[in-house]
Amino acid sequence: MAREQARLLRKALQQAGITRDELWLHYFSLGGEAGETEVDAYLHQSFSLPPFQRDLLAHAANELIARIPPPQAPYVSDLVDGDNAEEG
């Protein structure tokens, strides 16, 4: 289970464009106990962390991912100045 959780965490980080350093810093600020090297090894599925630390990493990642604004469809006003807006 730990390897699968690590694999999926790494995939989520890659898709969101979040670095290992960003993850580790946020995880550490939340009280995480693993060092940067241990987190890196965990993300590469070569080191196991206790369940609470794995969940804290997932929580840190989810908080960082939630801060990323989703792509949104633009309004006309987003594309042109209000004075130069085209009709249609």
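This is a predicted model: local features need pLDDT of at least 70, side-chain atom pairs count only at pLDDT 80 or more; totals for chains, interfaces and linings use all residues.

Colleague: Okay, helices first. How do the axes of helix 2 and helix 4 cross?

Modeller: Helix 2 covers residues 20-29 and helix 4 covers residues 51-66. Their axes come within 9 Å and cross at roughly 115°. Angles of 65 to 115 degrees count as roughly perpendicular, so helix 2 and helix 4 are roughly perpendicular to each other.

Colleague: Is the crossing left-handed or right-handed?

Modeller: Right-handed, as helix 2 passes helix 4.

Colleague: Which residues make the contact?

Modeller: From helix 2, E22, L23, H26 and Y27. From helix 4, Q53, L56, L57, A60, A61, E63 and L64.

Colleague: And by class, what does that contact have?

Modeller: Seven nonpolar residues, two polar and two charged.

Colleague: Switching topic. How many aromatic pairs does a search of the whole structure find?

Modeller: One. The pair is W24 and F28, with ring centres 4.9 Å apart.

Colleague: Why is the pair called stacked?

Modeller: The ring planes of W24 and F28 are at 20°. Planes under 30 degrees apart count as stacked, so this pair is stacked.

Colleague: Where do W24 and F28 sit in helix 2?

Modeller: They are four residues apart, so about one helical turn separates them.

Colleague: Is W24 buried or exposed?

Modeller: W24 counts as buried, at 14% relative accessibility. The cut-off for buried is under 20%.

Colleague: What about F28?

Modeller: F28 is partly exposed, with a relative accessible area of 46%.

Note on methods: Residues are numbered from 1 along each chain as its sequence is written. Side-chain values use heavy atoms; hydrogens and water are left out. Axes are lines fitted to C-alpha atoms, for helices over the stretch in contact, and angles run from 0 to 180 degrees between N-to-C directions. Helices (H or I, at least four residues) and strands (E, at least two) are DSSP runs, numbered from the N terminus. Angles under 35 degrees count as roughly parallel, over 145 as roughly antiparallel, 65 to 115 as roughly perpendicular and the rest as oblique. A crossing is left-handed if the near helix is turned anticlockwise from the far one by less than a right angle, and right-handed if clockwise. Contact means heavy atoms within 4.5 Å. Ala, Val, Leu, Ile, Met, Phe, Trp, Tyr, Cys and Pro count as nonpolar, Asp, Glu, Lys and Arg as charged, and the others, Gly among them, as polar. Rings of Phe, Tyr and Trp (its six-membered ring) pair if their centres lie within 6.5 Å; planes under 30 degrees apart count as stacked, over 60 as edge-to-face and the rest as tilted. Buried means under 20% relative accessible area, exposed over 50%, partly exposed in between (1.4 Å probe, protein chains only).
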